[in-house]
Amino acid sequence: MVLLGPPGVGKGTQARLLSKTFRIPEIGTGDIFRNAVKERTPMGVAAKTFMDAGKLVPDDVTIGLVEERLRADDTKGGFILDGFPRTAQQATALDALVHRNQLHLDAVLEITVDPTELVRRLTGRRLCAVCQTPYHLESAPSRLPDTCDRCGGPLVQRPDDDEATVLKRLDEYERKTKPLTEYYRAAGLLKAIDGNGDVESVNARIMAALQAPVGETA
Ligand code: AP5
Ligand code: MG
Ligand code: ZN
């Protein structure tokens, strides 16, 4: 399945829960890029300039990365894509990839929340520097201050979560990614998810939507 939605809507948070429930890997292109930045690989160095500017990384790099990740054995029983595709070209490439490997997409979940809540979620976010689990100062605090519950790693703020870069990311989303909603609606795959409310309520809506026929909203 694919998780679609603006920055800060909760894609990473829900991808982690779905990955546990269905025991399939979550593939977050942003997470992969951030790891590459940390490791200072050539891809990381190239991606960092775009990420810091709140821009999308070029399609050829991103598509190549997902193609390679989907070759791994752990994706054979299914996978959750968080933050890919984000452009028309990426969506076409995913279709071709899925077709070539005799796979299919079960659902594209479009999560939305009120704009003010989006900014609140992004500015209060903290991320584990080691395993990338997201936290929130108010709505999802870690048990110990600045320490990841899962791995004990330090919690940091993402460099692209300052207000100016957030606005640029939201603009990129509106211009380049939002049109994919119509693309997947036409393909009969889109499920609209109300992302307001706490993490568990949103997760319950997603689980219900996955069982409901296409066209019904949760
Ligand atoms: P990416 O890392 O994917 O960032 P994003 O799309 O901007 O989304 P976020 O990770 O910011 O938000 P999220 O929806 O995952 O929210 P989260 O669960 O953390 O991409 C970063 C960059 O990489 C891009 O700008 C681009 O440069 C590049 N990139 C990545 N993919 C690309 C692609 N396909 N093509 C080209 N470039 C690409 O939640 C946010 C906060 O809210 C957290 O603090 C969380 O604890 C909290 N929260 C979550 N749910 C709830 C809830 N229900 N109630 C209250 N708080 C909540
Ligand atoms: Mg994320
Ligand atoms: Zn961690």
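Visitor: What makes the pairing of Arg121 with ligand 1 a polar contact?
Guide: This is a predicted model, and in it a polar side-chain atom of Arg121 sits 3.4 Å from a nitrogen atom of ligand 1. The cut-off for a pair of N or O atoms is 3.5 Å, so this pair counts as a polar contact.

Visitor: Which residues come nearest to ligand 1, and which elements supply at least two residues of its shell?
Guide: There are 37 residues around the ligand, and Thr13, Lys55, Arg86, Arg125 and Tyr135 come nearest. The elements that each give at least two are α1 (11-22), α2, α6 (115-123), β6 (134-136) and α9 (199-211). By class, the shell has 14 nonpolar, 12 polar and 11 charged residues.

Visitor: What makes β5 and β6 paired strands?
Guide: Pairing takes at least two bridges, and 3 join β5 to β6, so they pair. The two run antiparallel, with Arg126 opposite Tyr135 in β6.

Visitor: Why are β6 and β7 called edge strands?
Guide: The open sheet has 3 strands in the order β6-β5-β7, with antiparallel pairing. β6 and β7 (155-156) each have a single partner strand, so one side of each has no neighbour in the sheet.

Visitor: How do you know where empty space is left?
Guide: You roll a probe the size of a water molecule over the atoms. A search of the whole structure turns up 1 cavity of 30 Å³ or more, and the largest cavity has a volume of about 30 Å³.

Visitor: What makes this one a cavity, and what lines it?
Guide: The name means that a 1.4 Å probe fits there but cannot get out. The lining is Leu3, Leu4, Gly5, Lys11, Gly83, Arg86, Tyr173 and Thr177, with at least two residues each from β1 (2-4) and α7 (163-177). That divides into 3 nonpolar, 3 polar and 2 charged residues.

Visitor: And what lines the second largest pocket?
Guide: That space, about 330 Å³, has 16 lining residues, and Arg34, Val37, Lys38, Arg158 and Pro159 are the closest to its centre. Two or more lining residues come from each of α2 (29-39), α3 (42-52) and β5 (125-128), and α2 gives the largest share, 4 residues. The classes are 7 nonpolar, 3 polar and 6 charged.

Visitor: How do you know that the peptide bond between Phe84 and Pro85 is cis?
Guide: Its omega is about 0 degrees. Pro85 lies in the loop between β3 (80-82) and α5 (88-100).

Visitor: What makes the phi of Arg23 worth a look?
Guide: Arg23 is not a glycine, yet its phi is positive, about 55 degrees. The residue is in the loop between α1 and β2 (26-28). As a rule, most residues other than glycine have a negative phi, and most peptide bonds are trans.

Terms used. Residues numbered from 1 in each chain as written. Chains lettered and ligands numbered in written order. Predicted model: local features only at pLDDT ≥ 70, side-chain atom pairs only at ≥ 80, totals over all residues. Heavy atoms only, no water. 1 Å grid on protein atoms, 1.4 Å probe; cavity = no way out; pocket = protein on both sides within 12 Å on 5 of 7 lines; lining within 4 Å. Points joined across faces, edges and corners; volume = space filled by probe spheres on them. Nonpolar A, V, L, I, M, F, W, Y, C, P; charged D, E, K, R; others polar. Near = heavy atom within 4 Å. Polar contact = N/O pair within 3.5 Å; in protein donor to acceptor, adjacent residues only side chain to side chain.
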